[in-house]
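User: I've just opened this one and I'd like to learn how to read it. Please take me through it feature by feature.

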Amino acid sequence: NATHDHASTATGPGHHTLSTGVHPSQHGVIGNSWSELEGGEWRSVYSVGDPSRSILGHPELEGRSPANNERPGLPDWIVSRDPNSRVVSVSRKDSAAIGLAAQAVGDVYWLDENGEFVTSDFYQSEYPAWITEFNAVTMATVYADTVWESITPPSYLPKTRPDSSRFERGGGASAFPYRAADRVDVGDPSALNRWRYSYTPFPDRAVVSLAIEAIRQLDMGQRGSVDYLGIALSQTDIVGHRFGPRSREQLDNLLRLDAELGRLLSFLDEAVGPGRWVLAFSADHGVLDIPEHLAEEGVDASRLPREHRMQLAEAIGSALEQVASASDAELAVKESILRLPFVAAAYTFDEVERDQPVDSFAALYANSHSRTRAASLSARVGVYTRLRQNTLQWGSPAASHGSPYYYDRHVPIIFLGATVPAGVSSDRAATVDVAPTLAWLTGVPAPNNLDGNVLEQVMGR
């Protein structure tokens, strides 16, 4: 019974919420990207973008750092308590690796499209020798596959949808095996790595391998200090977007992910020791199934064409033309938006800022709220738009997320370790509870001004 309690169900807000224990309205990462006013003009801001920084070894790439995150998190609390503690965070995605590290400086790496783990000069002045060796040697073995073949036992296939769905976007044929040679020039290393990066489960294996190497090289958990290791495994999201959450491809990906998690946990017992580590497992967001599949099952679901975005823009523009003052703009835009058949509700900034929100959805928007960062077209004029349930926005892939509905907010929260009793709880929990609970389990003091709470009762303690 666990959820994200904010409306902006995307990667950037999700990971920062898990690491900081506060909602996006507090840490400031309200979307994967957003718009900010600068000199009267809107400019786009990437959640972990930082023009003042550079990517080590790749000056042509845009800089990255946690500069847009306004709150420290669990890694910062750990280092504040013990400067000898070490922070490592790794992922396929830059926003995930940086998000799980909060504001802390440490060994933070993400996988670029060229098949190397990179970092920003915010974290390092040069690559440690072990990272250079990992990229040169280990990646050649853990990231070498050019064919994605199914490992799913035939008896499991009834748990999935058949491969015949025309809504799966497999970039051509949508059935195993998937061969790089069918889509890219395998003689071009960059093209081959981009295929692995954006199409297959293989990046998760590379991320787990790097996490294991970090434990080994940095003696994590073996020096008398509490260390922090953040790992974001992103291919469930990538495969789900492309093929849908109930696809054969997603089941195969999850079986592979399960094996990787087993490899990681076995290594933790081997290197750190049973009873000497504790883990929290969750997700940055949920997902809406392919709407066409839901419609086949009698669910009122739809995929909005791109023209609807134009209709929304026209409704906003028409409302603004008819108001005499800026103070009237929010209500006018709200009324205009509500006339659109694909809009379920709209909330002005004033409504979400009330101590008593107009409804539960307004409370979720309040937890994603910012007056200076606008993650949607209507937010630029002080209004949040809630589309109808089971609706995918214009331009979405086969399946996606991003709404305030339960299916996009529902995620697992699992704690594992010798200090955690075995069991399942249906008590209410939220992702803001993860960081303070991990701090409590490891004896790390947490700030008092968090949105989350320690799940002490859930732990039976």
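User: How many aromatic pairs are there by the ring rule?

Analyst: The count comes to 17, taking Phe, Tyr and Trp rings (the six-membered one for Trp) with centres within 6.5 Å, and calling planes under 30 degrees apart stacked, over 60 edge-to-face and the rest tilted. Y178 and Y199 make an edge-to-face pair, with 5.4 Å from centre to centre and 70 degrees between the planes. This pair joins distant parts of the chain, 21 residues apart: Y178 belongs to strand β8 (residues 178–179) and Y199 to helix α6. Helices (H or I, at least four residues) and strands (E, at least two) are DSSP runs numbered from the N terminus. Ring pairs also tie W148, F176, Y178, W195, Y199, F202 and F243 into a cluster.

One caution: this is a predicted model, with local features needing pLDDT of at least 70 and side-chain atom pairs pLDDT 80 or more, while totals for chains, interfaces and linings use all residues. Numbering runs from 1 along each chain as its sequence is written, and side-chain values use heavy atoms, leaving out hydrogens and water.

User: Are Y178 and Y199 buried or exposed?

Analyst: Both Y178 and Y199 are buried; that means under 20% relative accessible area, with exposed over 50% and partly exposed in between (1.4 Å probe, protein chains only).

User: Which residues have the most contacts inside the largest nonpolar core?

Analyst: In soluble globular proteins, nonpolar side chains tend to be buried together. Here the largest such core has 37 residues, and F117, M139, Y143 and L210 have the most contacts inside it. A core is a set of buried Ala, Val, Leu, Ile, Met, Phe, Trp, Tyr and Cys residues joined through side-chain atoms within 4.5 Å. Helix α7 (202–218) gives this core its largest share, 10 residues. Setting aside residues up to four places away in sequence, L210 touches V90, Y109, F117, W130, I131 and F134, where contact means heavy atoms within 4.5 Å. Another core, of 25 residues, lies apart from that one and includes L18, L74, Y228 and V444.

User: Which residues of helix α12 are buried?

Analyst: They are A329, E330, A332, V333, K334, S336 and I337. With 7 of its 9 residues buried, α12 (residues 329–337) is largely enclosed by the rest of the structure. Those buried residues pack against α11 (307–321), β12 (343–348), α13 (349–352) and β13 (383–387).

User: Which relative accessibility goes with D219, and which with N390?

Analyst: D219 is at 35%, so it counts as partly exposed. N390 is at 13%, so it counts as buried.
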